[in-house]
Amino acid sequence: MSSDLPQFKSDTTTTTAIRRPLPPRLNKRILVTLAVSGIFFLLFLNARVTTSSSSTSSQDNQPQQVNEPNLIPPASNDKVIAPLPQDDKEDTVPDLLSEPEEHEEDDTHPSNEIIINTSNHYKYLVVIASTADQMARRQLIRERYFGLRDNLLPCMRFNTDTMYTFWIHGGSVTPRTAERRLYEAEKMEWNDLEELPTNVPYTQASILEWAETTLADRGISYDYLIVQDIHSFVHISDIRQELEHGVISEDSESPVAVDHTTNMVWAPFTSTDQVFVVGAAAARVALEKRNEIQSSSSHLLTDLYHYYQSNESIDQVKDDAIEFGEDEGEAEVQVQSMPLFIPETHRFMQWENNVESVHKDHAAVTHVYQDTEFVDLARWTSLEPVRVCFPPKSAYKPTLEQNPIDDDEEIILSQDDLPDTVNNDKPSIALMTSSFIYDDNCMEPSATKAALNKRKYAERHGHAFVARSTEFAQQRGRKTVWGKVDAVEKVLPKYDWIFWMDMDAVIMNQEHSLFELLDDLRTRYGNDQAFDENIDLITAKPRGDPMLNAGVFFLRNTEWSRQFLRQVQQVTEWYNKRPAYEQGAMWQIMLKPENQPHIYLLENDDHTFNTFPKRYQPGDFIVHFAPDKCPNALTLQGLAAAERIEIGQSVTAADLI
């Protein structure tokens, strides 16, 4: 290694200087001089230390100045257009360096209290516009923006102040392809895709129309809409914080006070739509004034900005309103409703192919096409996830200390110490199903609809809904259906019970919860204490079948259940053995005498939770379509029948076969 380093040489020569000894009297004078100099130097240091300490104590509450390069870009010369101040109050930027006003602490709402949002109103609505094929980037956004690494503890509803959705434009993925199968699995597992008609493009106008019509029809409202395209990186947590504080670019040379108004637009106001932030009031103003400003382009907010910018005075705005046919009073209302525009030319930057060009004050980076670059940006900017939900009750308890591996360890929101949002006195139950579509594409038309049937039921009754496909895709050397056992092993430790339903099983009766079903089964068992202490597996053996039907079953989170699944996994003779596969392995392990006390087998049962179509009776819970061939057509038929039941129509077995 040393040979690779540069060799530095001194400038000394071979000549040696001759040093003569100083006379004794001169030595004495020098010593005295040095002693006096030392005394004065100590006095000087003492004075400096006293001054420094008093200065430090007086500045304890002042912001610290860090000696680092100036990371704040020059202030924009663009004009900030603000509405006229109302009620004779000055519309000024507050003194950002002054001490905040003291407020009395509200004991009824402590600052660290977790508040569950049970309404459909969200302070922040995050919309990520994406084409259907961008599945990998969507998963990165779930992880990095919202801390959602997987769906084992799923978001059953957005119950914080933030909601997000992926706004899918440009049509779906080509049918009957591997990519389409993955896309359908994503929809089943996450339920966060808003699919738009093929003819609806991604524009400012179309996003606002969707938010103010489609969402409004669902009863969903918002304060601020944060919009980006799929190839942008947005520091969501920083933007939320600035809106929360009521000041945009607070740490820059030109902060803008928004004072928590929703009549504001924060955007570049160019011909691009990659990133923009708009308040609900401003969105309504833009849509209402679209004809007046003669906006024929897709950049509605940009046209609105330039419309107001082109008017040299507020009086001109009023004159234009009057000329457009409004009386003077209505024109004054138009003036007062003028949005606050915040032109952004620096903090929303275009990707320059390296993270070093991104500074701490940048709020968004556009044109980020590589997924690795997106990950690098999240780490470089120390992006912290924003919580969008508190998951349903679970039995999840981490047993290992979870320390970061290194400084680059991802920040994923922990589920520890979260409130139980519903059913505090009930066991946690996950309704599980498969989201894996086989490469014959048999279930492609019906799989997502069948998952929605189950999800709707779970949401209604406070259960988790977990659809899994990865465990099916990972099978090697055995039939794909064995992914069911892998998936159950993965999810079971997170809940008190899991309730498995095959993809082709349809819930016909949505009225009664799984809590009620367990209570009914406990009563039927005849011994409540024995049921609670011993029963871990509940399954049905339909009339005429040689073994259980593993398409629907309960499994409790116990040591016995985990060992049962381990034993099932080791029955290799059933890996590829027709016709039962994993079902045959389960039956073989169930028959062991030592396992009998832990199993409640519903012998010759056709109506509790696993009913074949021809045996259906009105009121039955689940119909399991399990034909020898593709069950797609029958599943669709059953889903249609379930919808008719929900609106009060009658259905018989003849409608299902």
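Good morning, colleagues. The structure is a predicted model, in which local features need pLDDT of at least 70 and side-chain atom pairs count only at pLDDT 80 or more, while totals for chains, interfaces and linings use all residues. Residues are numbered from 1 along each chain as its sequence is written, and side-chain values use heavy atoms, with hydrogens and water left out.

Let me begin with confidence. By pLDDT we mean the predictor's confidence in each residue, from 0 to 100. The chain has a mean pLDDT of 83, and 75% of its residues reach 70 or more. Over residues 404-411 the pLDDT stays under 50, and the model has nine contacts for them beyond four places in sequence; a contact means heavy atoms within 4.5 Å. Residues 414-421 also have pLDDT below 50, with 19 contacts in the model beyond near neighbours in sequence. Where pLDDT is low, the predicted coordinates should not be read in detail.

I turn to the overall fold. The chain has 19 helices and 20 strands; these are DSSP runs numbered from the N terminus, helices being H or I with at least four residues and strands E with at least two. Of the 657 residues, 48% count as buried. Buried means under 20% relative accessible area, exposed means over 50%, and partly exposed lies in between, with a 1.4 Å probe and protein chains only. Among contacts in the chain with a separation of 6 or more, 75% are between residues 24 or more positions apart.

Next, the interior. A nonpolar core is a set of buried Ala, Val, Leu, Ile, Met, Phe, Trp, Tyr and Cys residues joined through side-chain atoms within 4.5 Å. The largest such core has 87 residues, and Tyr145, Leu225 and Val278 have the most contacts inside it. Strand β1, residues 121-130, gives the most to this core, with seven residues. A second, separate core has 38 residues, including Phe436, Phe472, Val491 and Met586. In soluble globular proteins, nonpolar side chains tend to be buried together.

What does Tyr145 touch, leaving aside residues up to four places away in sequence? Its partners include Leu140, Phe233, Val234, Phe374 and Leu383. Val234 lies in strand β5, residues 233-234, and is buried, with a relative accessible area of 1%. Besides Tyr145, the residues that Val234 touches include Ile239, Val275 and Leu383, not counting those up to four places away in sequence. Val234 and Leu377 are 143 residues apart in sequence, yet 9.6 Å apart in space, C-alpha to C-alpha.

In α7, residues 280-288, the buried residues are Ala280, Ala281, Ala282, Ala283, Val285 and Ala286. They pack against α4 (204-212), β4 (221-229), β8 (264-267), β9 (275-279) and α8 (300-310). In α17, residues 559-569, Trp560, Ser561, Phe564, Leu565, Val568 and Gln569 are buried. Their cover includes α14, β17 (537-541), β18 (549-556), α18 (582-590) and β19 (599-603).

Now to a helix pair. Two packed helices are described by the angle between their axes and the distance between the axes. The axes of α12 (residues 447-461) and α19 (residues 632-646) come within 10 Å and cross at roughly 35°. Such axes are lines fitted to C-alpha atoms, for helices over the stretch in contact, with angles from 0 to 180 degrees between N-to-C directions. On the α12 side, Lys449, Ala450, Asn453 and Lys456 meet Thr635, Leu636, Leu639, Ala642 and Glu646 in α19.

I close with loops and backbone features. Val481 lies in the loop between α13 (470-473) and α14 (483-491). Not counting residues up to four places away in sequence, Val481 touches Tyr438, Phe472, Tyr581 and Glu582. The C-alpha atoms of Val481 and Asn576 are separated by 9.7 Å, although these residues are 95 apart along the chain.

Where is the cis peptide bond of Pro579? The bond runs from Arg578 to Pro579, with omega near -5°, and Pro579 lies in the loop between α17 and α18.

His367 has a positive phi of about 60° although it is not a glycine. His367 sits in the loop between β12 (364-366) and α11 (371-380), and is partly exposed, with a relative accessible area of 21%. Ser382 also has a positive phi, near 55°, and lies in the loop between α11 and β13 (429-434).
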